[in-house]
Structure formats: C-alpha cells, structure tokens
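Trainee: I would like a close look at a single part of this protein, taken slowly. Could you walk me through the sheet?

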Amino acid sequence: MPNLENLKKQAKQYLRWYREGYHPVAAEIRAALPRFQHLDDSEVMQATFKLADAQELVARQQGFESWQALKSEAPVMNDQTTRTTRPTLTATAAQLFVADITASCDFFTGKLGFSVDFVYGEPPFYGQVVRDRAQLALRLVCEPVFAGDIRQREHLLSASITVDTASEIKQLFLDFQAAGVVFHQTLRKEPWGARNFIVLDPDGNLILFAGPAD
C-alpha cells in the first residue's frame, strides 16, 4: 500500500480534478462511493464533493471502509511493505471502450468463450469479462473515442492476448471462425516467429490473439 502522505496527495488530486470539471473522475467516484452510484456522470459532477469524500474514495480503493480505518492500518501495512521483496505483477487487464456493456458481454461470452466476471451500474457502465488468465475491462463511452476509421487504418490494438503453443492459436482461430467472428486480420505467420490473428469486436476494438508459429 502507498504511504499515507502519498494517499493524502492522491485524495487532493481527485478533489482538484473534480473542481476543474475533469469528467472521467465521475466514474471513479461513482464506483467507489455508494451514495453516488445512482447518479450519472453529469449528476456526479454537479453534486457536493469535498476533501472528506475524496479521502473516503481513496480509502475504499485501498480496501478500507473509511479514511479513518485506512489511517489506523497504514503504519502496519507500510511496515510490512518495507520487509517484502520486489513486487511481482501477476495479471494485466486491458480496457475496451464500448457503447453497450450488455451487448459487449454477449459478444465476448457468445463468440469468444469468455465469461462475465462482473458488471456494475444500473444501467451498467463498467464490467469485466475473463477467459483463463485473460481479463478485459469494459468501459461505457457514449461518444466516439477515435476519429473515423483510424483504428482499422493504423491497426491500433486495444488488447493483446497470448497462448502458449502453435496448436492452441490454430485451434482458437478455428473456434472463432466457426462462431462467426469478424476478423480484422486472419491467422498468419509473422516474420518475428509468431502466428497471430486480430478480432474486430462490435465497437471496433482490435484484439490480437498470438502464439508461437511452430
């Protein structure tokens, strides 16, 4: 856990973003603080949000019910941290921008073999789908994120997922093909020794699946 001084600075940063009208902070406020959950982004930004709220937001992100609970545990947590070895990153999750969380979940579960880890909000504005160790976060965005067809023209990937063997990447491609998935790029061998393909999801996100060529 970060030390208490850094967490205080983080809380002040959230408050500063809120006062400056930085709209993306609304989703984090709504996700962390129950009293904001029924509000949309605009309503969140028009509500009362004070330093105490920002501190509670930071505390809940760290797994505590309140800022006071976080402060009481911080010395213990920080003492434990100083005795541990270098942190190991155990997982990564890409975030995809989608226009409809439910429709996106249906695509990933029905076409790509993922399962829904969770969806959040009513109507849902955030969620996550998983398959094995692959995690894809889904974030509702109601306006275009990219200009025109730049993602397809420039092959801008939203996520990259790997398998361990050549047989797995071939079978995965055949499975997706049988499910009627739309491909931005079909299975091919790359000069650097990989074999991969790129799936196009309903929102235009490009998702690379890769494995060894042999």
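Which residue in E4 is the bridge partner of glutamine 128?

Mentor: The bridge partner of glutamine 128 in E4 is alanine 137. Before going further, please note that this is a predicted model, in which local features need pLDDT of at least 70 and side-chain atom pairs count only at pLDDT 80 or more, while totals for chains, interfaces and linings use all residues. Residues are numbered from 1 along each chain as its sequence is written, and side-chain values use heavy atoms, with hydrogens and water left out.

In general, strands of a sheet pair through backbone hydrogen bonds, either parallel or antiparallel.

E3 is also joined to E2 by 6 bridges, again in the antiparallel sense, and there valine 116 stands opposite valine 129 of E3. E2 and E3 together form a hairpin, with 2 residues between them.

Taken as a whole, the open sheet holds 4 strands in the order E1-E4-E3-E2, and its pairing is mixed. Its edges are strand E1 (93–98) and strand E2 (115–121), each of which pairs on one side only. From one strand to the next, the twist averages 20 degrees, where the axes are lines fitted to C-alpha atoms and angles run from 0 to 180 degrees between N-to-C directions.

Notes. Pairing = 2+ DSSP bridges.
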